[in-house]
Every structure is written in structure tokens, then in C-alpha cells.
Amino acid sequence: MAGITAGNLIRIPDPPVMIFLSISLLLLLVATAKEWKAFIMGNLAISLFLLGILNINLCLYPDTTPANIYNYTGKEKVTIEGVICKNPLVSPDRTNLIVAATKIIKDGAITPVEGKILLSVRNGGQLYKYGDLIRAKTRLKTPHNFNNPGGFDYERYLRYRSIRVRGFINGPSGIVVIRENRGNILKIQLEKFRSGLRSLIEENSSSPEGRILQALILGEKKEIPKDILEKFNKAGISHVLAISGLHIGIIAFFSVLIIRSIMKSSEYLLLRFNIIKVSALFAFFPIIIYAFIAGFGISTVRATIMILAFLVAILWGKERDLFNILALAAFVILAVSPASLFDVSFQLSFTAVAAILFIAPSLTSLIPKGAPDETGKNNHYRKTILFIIVSLSATLGTAPLIALYFNRISTVILISNILIIPIIGFIVLPLGMAIIIAAPISTPLAVIFTKISSFFVGISVSIINFLAAMPHSSFLVTTPTLMEIMAYYLLLITTVKLIDTWKGESAKKTGLKIAFALLILFFIADGIYLHTKDTNTGHLKTTFIDVGQGSSTLVEFPGGTKMLVDGGGFYSKSFDVGRYVVAPFLWHERIKKVDIVVLTHPQSDHLNGLIYILKNFNVREVWSNGERADTETYKKFIRIIEEKHITHRIVSQGTPEKRIGGIGIRILNPGKPITKEDSSARFDIVNNNSVVMKLTSGKINTLLPADISEPVETRLARDGIDLKSNILMAPHHGGFTSSTSPFLEKVRPEIVVFSCGVDNVFRDPHPDVLKRYKTIGSRIFRTDRNGAVTIITDGENILTRVFKRSSLSPQRTPSTQR
């Protein structure tokens with residue numbers, strides 16, 4: 001794990017690693033011959049560390065031949081042919097296909113190629129399947145991230161899956177299926193069976209019950225409605241929708257139970273065979289069958305290996321050595337797939353199991369045994385308490401990771417697990433296996449099992465709806481730091497050890513008490529720091545967030561007031577920029593409240609990302625120019641403002657100057673509030689009605705002109721308004737109709753920031769615009785190249801930082817300029 005982590009953080013070339021590995025293995029051989037035990041362990045650890053580096057290098061930096069599809073990325077469209085090599089991932093608005101490319105057709109020439117492509121097809125539905133040989137015309141691109149602190153490294157995520165190229169198809173008409181059944185014959189037959197199960201479930205159950213049943217049996221959860229997923233998240237029970245160790249473990253449990261029951265019916269079998277080992281051996285088969293039916297995806301494979309490792313331990317008589325069994329399962333998984341170490345499901349699964357093994361015995365020891373009774377009530381009581389303890393242990397163990405990756409803590413998670421796990425685990429999953437077994441034998445019987453399963457899934461959904469609707473059923477949290485996570489786990493370990501030494505006094509117990517007290521003090525001090533850190537700052541901090549082809553700017557005033565100017569967004573609603581780009585950045589910056597949201601104008605690349613922010617960040621005020629838009633998103637924007645009773649201020653050039661934390665805020669545009677009658681559907685008019693703000697901090701001025709272009713720039717320059725600013729966000733993303741020479745002569749910015757997307761269709765910023773800024777000597781920053789740009793000023797000096805991941809590095813590479 002250490003070697004994989006090191007290789008993931010820093011690119012370490014293979015040759016020196018292989019040299020040191022050879023030396024280490026040679027020394028290991030000598031140490032083994034000489035029986036130097038300490039030397040053996042040291043060299044073994046070093047060898048495994050170096051092997052971890054080499055293993056992750058194979059994922060991140062594979063050797064590419066001239067025939068690799070990666071060499072054909074560019075601005076021109078090409079025709080590709082390839083075979084769909086993984087099960088299509090179907091969601092309501094698009095289908096993602098992983099295609100093993102075989103040839104490129106360009107200008108009539110056919111060129112053999114190799115490598116995988118992630119092909120996204122709008123509204124693709126269930127039209128494609130594994131093994132289809134397809135042909136499509138698309139522009140091949142390399143994947144790009146939104147480069148912000150706390151952002152998801154999508155490029156690396158795809159690299160882990162050997163994907164370095166993406167393509168987009170506007171609809172099913174853009175793809176031709178040339179031939180079918182071009183993949184592995186066994187997998188093709190398996191997919192036909194899975195397709196039959198999918199049809200059976202869809203025809204005999206309604207939504208969302210049928211979609212959830214598909215997730216539990218086929219491992220397909222992309223089609224579950226988003227509102228249902230959100231309720232599962234709030235209730236803290238979303239893990240049941242992704243096939244994991246829980247599902248495979250329950251299948252193993254029922255398999256062992258059934259086989260033991262069969263064997264107990266025969267005195268000969270009981271006397272002839274070891275019932276425990278035979279049950280464990282025969283449990284292999286239903287587990288493997290379920291894993292294949294579930295699509296044998298990465299998370300399913302990991303869960304299968306984990307449970308099979310425990311069964312193998314039973315066969316070897318090592319079932320009590322649980323921590324080593326868990327480590328063996330992790331070792332096997334990471335040897336085969338080193339990138340699994342950075343997968344959320346891997347971390348949650350192994351952390352949950354480790355927490356149960358570590359915490360549950362200590363908590364169980366606190367339960368009074370009680371006297372045995374004939375009714376068995378005490379036994380049932382202990383089993384119920386044990387189930388609660390297991391759920392509590394897993395919850396405590398995974399809480400920091402859930403906060404880290406999902407920024408949400410559910411207050412009803414324990415109740416949810418106690419109520420839902422028995423229904424899903426001990427009723428729905430066994431019935432799911434019954435559907436799998438019955439489908440090829442008797443369709444009517446499979447239909448009955450499907451309807452019964454759907455009924456119990458419906459009960460689960462009703463319970464989850466109730467729990468998720470409870471006040472304060474969950475709350476959002478900011479992203480914890482590595483130090484906070486480590487301190488939490490140290491506190492958890494210390495607490496468990498204190499429980500173990502509850503009786504009696506010893507030096508060890510005294511040390512644990514001191515450690516416990518110090519850790520509590522750390523969290524108290526950490527809480528005080530987080531509560532007061534913003535109120536003590538005297539600087540104005542402006543961050544131009546990388547939201548692609550759009551705009552979103554966070555302004556942090558002295559004293560702690562936060563203002564978010566626009567939220568980015570795309571014309572398509574398939575990706576929520578607010579949820580997946582802006583919010584993670586805010587959480588990383590430890591921001592849970594945005595005091596003021598400014599909508600400069602109601603176009604999707606500025607508006608769409610604000611919906612999630614208004615819902616989840618305790619917004620106090622909204623500023624806008626009054627412009628209305630006849631779009632669903634704008635109507636939702638207004639509805640949230642009204643439902644949450646957020647103050648809505650209409651601002652214009654006539655709005656008096658406002659001061660926040662000693663910073664002056666002047667509105668320079670529009671000339672007057674935009675009324676309903678003034679609102680227009682024309683893009684140029686809407687753009688030129690944008691709210692333009694000028695922030696003044698001492699001697700330093702910042703101008704945020706949104707999407708204005710030549711007409712407004714000319715008016716502002718002509719009317720004698722003081723536009724002189726040290727920092728400028730380039731108007732309209734650097735489009736060719738903006739940043740006119742008269743306007744720039746008035747502003748004369750030292751620093752200009754372009755908020756634009758990588759390879760955007762508008763080709764912003766325009767070359768002529770860039771040339772104008774270079775002519776006046778402005779330092780140029782671009783979110784498409786520099787990532788998020790942060791500018792800090794105390795009113796006298798300017799400090800500039802950019803965030804841009806280095807090539808395939810998950811760590812921030814800061815660049816600071818004064």
C-alpha cells in the first residue's frame with residue numbers, strides 16, 4: 001500500500017526502481033539462506049514497497065505504441081471502429097460505452113489502432129450491448145479535470161481504468177452497429193441471460209422498485225432516479241445499492257445455511273464430513289454465480305475476493321485469524337488492481353470490516369450475559385444488541401471517509417441500517433438469488449419472486465422516505481483534513497483500548513487516558529480555530545473557480561463574509577456544476593455558509609450551478625439585476641429564494657455603494673433595474689444587462705464585468721466612470737466582441753483572469769483579445785490552463801496563486817506571484 005501510494009503521488013521512473021528491487025531481492029535471498037529473520041522482514045517490506053511503485057506505474061504510465069488511439073486526439077473528427085468491451089453504463093440522459101478501438105478511418109484510409117475509448121452517447125438507452133462492433137464519427141479528446149482545490153481527479157480516475165481518450169456522440173443516429181457477438185463467447189451468453197433478467201424485472205415491477213432491484217441483482221444503479229438516490233444518501237443507507245462485501249457476505253451466509261441444513265438431515269453426511277468446511281466449500285458456487293450475474297464489475301470482484309478469502313481461511317482452519325485474512329484479501333486485490341487502493345468502495349469496505357473486527361468485541365464485552373432461560377429471550381436479546389453493535393462499529397469506522405468523500409453525515413444512519421438491512425439483506429437478496437435460479441427454469445415462478453421482491457423493496461423505500469424527510473436527518477459537513485482524520489481514528493482506537501482495560505488500574509490505562517484527553521483537546525482547539533479563522537483575517541481574497549466554459553467567483557471579505565458571484569453551469573442538465581464542482585471547492589475551503597449569492601445574468605453558464613448552492617449553503621441574500629428568464633432552472637432559482645425566505649435585492653448602477661468588511665462594492669451595470677418588460681431572450685441583450693461590480697480594498701481595485709461586450713464597455717468608458725482596476729476578470733470569457741481597446745485603456749489591469757473551458761466550442765479567449773492584454777502589459781491567467789486562480793490583497797500588495805495538477809499528479813502544484 002505504501003509503494004502504491006508513493007507511486008501515485010510522485011512519478012518515479014521504472015529503471016531505478018527495478019535496480020533497487022533487484023538488489024533488495026538479492027539481499028532477501030542471502031538473508032533467507034543465512035536465516036537472518038529481522039533482515040528478511042526488512043528486505044521483504046522494501047521489495048513489496050518497490051513492487052507497489054512498479055504496479056501503479058503500469059496503470060498510470062503504460063507504454064504507448066504509435067498505434068495507440070491516444071495519438072489520434074485532436075480538433076478534427078475521425079471515424080472509429082471498435083468493440084464494446086464492458087457492459088454499457090446506462091443513465092436517464094446518456095449511455096457510456098467503453099470501446100476497444102480496432103481501426104481509424106480518415107480520408108478514406110484505414111489505420112489499425114489499439115486502446116480504449118470512453119464514448120458517451122446522448123439518450124443512448126439500452127440500444128447497445130457487450131460485444132457489439134460499432135462505427136462512429138467523433139472528435140477524440142483527452143479527459144480534463146476541473147482544477148480546483150478539493151476537486152475530483154477525473155483524468156486519473158479514467159487512467160486507473162486504462163482509458164486515456166473520450167468521445168461524444170449527439171444521439172443514437174451517430175453510431176452504427178456493424179456486427180454483434182464479437183466479444184468473449186461465454187460473456188456474450190452471460191449478457192443475454194442478464195438482459196433477460198433485466199426485461200423480467202422491468203416488466204413486473206414499477207419504478208423505483210424495479211430500478212433498485214436491478215441494482216441489487218445486476219449491479220446497475222445508474223437508472224435509479226436521482227431523488228431516490230438523494231433520499232438513500234440522507235438516510236445513510238446508499239451503500240446497499242452498490243454491490244459490496246455486505247451483499248456477497250449475505251449470499252455466502254445463506255448458502256452455508258442451506259448446505260448445513262441439507263447435511264444435518266443426513267446422519268451419514270454428519271459423521272462422514274466436516275460440516276463447516278463442506279458448507280464453506282459449496283458456498284463458493286452461489287457466490288461466483290451471483291458475482292457474474294451482477295456484472296463482475298470492479299467493486300463486485302473486490303467484494304467477492306474478500307468473502308472468498310474468509311471462506312478459504314475456514315477451509316484452512318484459520319477462521320480466527322481475521323485481521324490477517326482481511327489483509328490477505330486486500331493484498332490479493334491490490335496485486336491484481338493496485339488502483340483499487342484509491343477507490344472509495346475499497347476503502348469503505350475494508351474500513352468497515354476492520355472496524356467491526358476491532359470495535360465490536362470490546363463493545364460486546366460490556367453486555368451483561370444474564371441467566372439462560374428456556375424461552376431463549378436472552379439469546380434473542382443478545383443477538384439484537386450484537387446486530388446494533390456491528391452496525392454502530394461500521395458506522396464509527398467509516399464516518400471520516402464518508403465525510404471526506406460525500407460531505408454528509410446522516411443522523412438516522414443507525415436506525416436506517418437496523419430497519420433496512422434485514423429487509424434488503426435477508427429478504428430481497430435471497431429472493432434475488434431465487435429469481436436468478438428460477439428464470440431459466442420457470443418464468444412464472446421468477447415473476448412471482450420478482451413481484452414479492454418489489455413489494456419488500458417498496459417497503460424499504462417507504463421507510464427511507466420517512467427517515468429522509470425527518471428534520472435534521474442529515475447535515476452537510478466540510479471536507480476534513482488528513483490530520484483531523486488521523487486524530488479521529490487515534491481517538492477511536494484509544495477509546496476502544498480504554499474499554500478493554502476498563503477494570504483495574506495500570507500504567508497502560510493511565511497513558512491511554514492522557515492520550516484520550518490530548519485528542520479531545522485537539523478537537524476542541526480545531527473547532528475553535530475553524531470558528532474564528534475567518535473573523536481574524538484582514539485580507540480580501542478572490543478565487544476564480546475553474547467551472548469550464550462558464551463563470552463562478554468566490555469573494556471572501558475581511559471579517560468572514562462570503563460572496564459567490566455566479567455558479568457556472570452547462571446548457572445540458574446532465575452534469576450539476578454546483579454539486580460536483582463549486583460545492584466541493586467550498587467544502588474544501590471549510591465553507592458551509594455563503595452570505596451573498598450574485599447572479600449577474602440568467603444564462604445557464606452562470607445560473608445553473610447556483611441551484612445546489614442556494615439549497616445547501618444557508619444563503620442570506622441574493623443579488624441580481626432583475627432580469628427574468630423563461631427557463632425551468634430560473635424558475636427553480638426564484639422558487640428556492642421564496643421557499644427559503646432569502647432576501648432578494650435587485651441591483652443596478654443606481655444602487656448605493658455598499659461596504660463589507662471595509663471593502664467598497666459599487667455596481668456599474670446595468671444602468672437601471674431590469675423589469676419584466678425589459679427582459680429579453682436575445683443572448684447579446686441578456687449579456688449586456690449583466691451585473692458589473694467593482695471591489696475596492698485600499699489602493700487595490702478588482703473589476704468583475706461578467707459577460708458584457710462592446711456596447712456596455714463603450715458606455716462605461718464614455719460616461720467617465722472610474723474603471724481603473726488592478727485586477728480584471730476578462731469580460732465574456734475573452735470573447736472577440738469584448739475587451740475592446742477603449743475599455744482596456746480605462747481599466748489598465750495589472751492582472752487579467754479568463755474564466756473559460758478547455759477546448760471550448762467558442763474558442764475563447766480570442767487570439768486578438770489576448771494580444772490586446774499583452775500589449776498593455778497585463779499578466780494573463782486562465783482557468784483552462786491554470787485551474788482556480790486565487791488573488792489575495794491587503795489593500796497594498798497582491799498575492800496570486802494558481803491551482804493546477806501536474807501531469808497525472810493528485811497533489812496541488814502551487815505557483816505564487818507577488
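Contact here means heavy atoms within 4.5 Å. The structure is a predicted model, in which local features need pLDDT of at least 70 and side-chain atom pairs count only at pLDDT 80 or more, while totals for chains, interfaces and linings use all residues. Residues are numbered from 1 along each chain as its sequence is written, and side-chain values use heavy atoms, with hydrogens and water left out.

Arg-715 is located in helix α24, residues 710-718. Helices (H or I, at least four residues) and strands (E, at least two) are DSSP runs, numbered from the N terminus. Arg-715 touches Gln-653, Leu-668, Asn-669 and Gly-671, residues up to four places away in sequence not being counted. Its relative accessibility is 18%, so Arg-715 counts as buried. Buried means under 20% relative accessible area, exposed over 50%, and partly exposed in between (1.4 Å probe, protein chains only).

Ser-47 belongs to helix α3, residues 37-60. With residues up to four places away in sequence left out, Ser-47 touches Leu-21, Ser-24 and Leu-25.

Helices α5 (residues 185-204) and α6 (residues 209-218) form a pair whose axes come within 9 Å and cross at roughly 155°. Axes are lines fitted to C-alpha atoms, for helices over the stretch in contact, and angles run from 0 to 180 degrees between N-to-C directions. The two helices, α5 and α6, are therefore roughly antiparallel to each other. Angles under 35 degrees count as roughly parallel, over 145 as roughly antiparallel, 65 to 115 as roughly perpendicular and the rest as oblique. The crossing of α5 past α6 is right-handed, that is, the near helix is turned clockwise from the far one by less than a right angle. On the α5 side, Arg-194, Leu-197, Arg-198, Ile-201 and Glu-202 take part; they meet Gly-210, Arg-211, Leu-213, Gln-214, Ile-217 and Leu-218 in α6.

An open sheet of 7 strands shows mixed pairing, in the order β17-β18-β19-β20-β21-β22-β23. Two strands pair if DSSP finds at least two bridges between them. The edges are held by β17 (658-660) and β23 (779-782); each has a single partner strand, so one side of each lacks a neighbour in the sheet. On average, neighbouring strands of this sheet are turned by 20° against each other, direction ignored. Within the sheet, β19 (residues 692-697) pairs with β20 (residues 700-704) in the antiparallel sense, over 5 bridges. Thr-696 stands opposite Asn-701 in β20.
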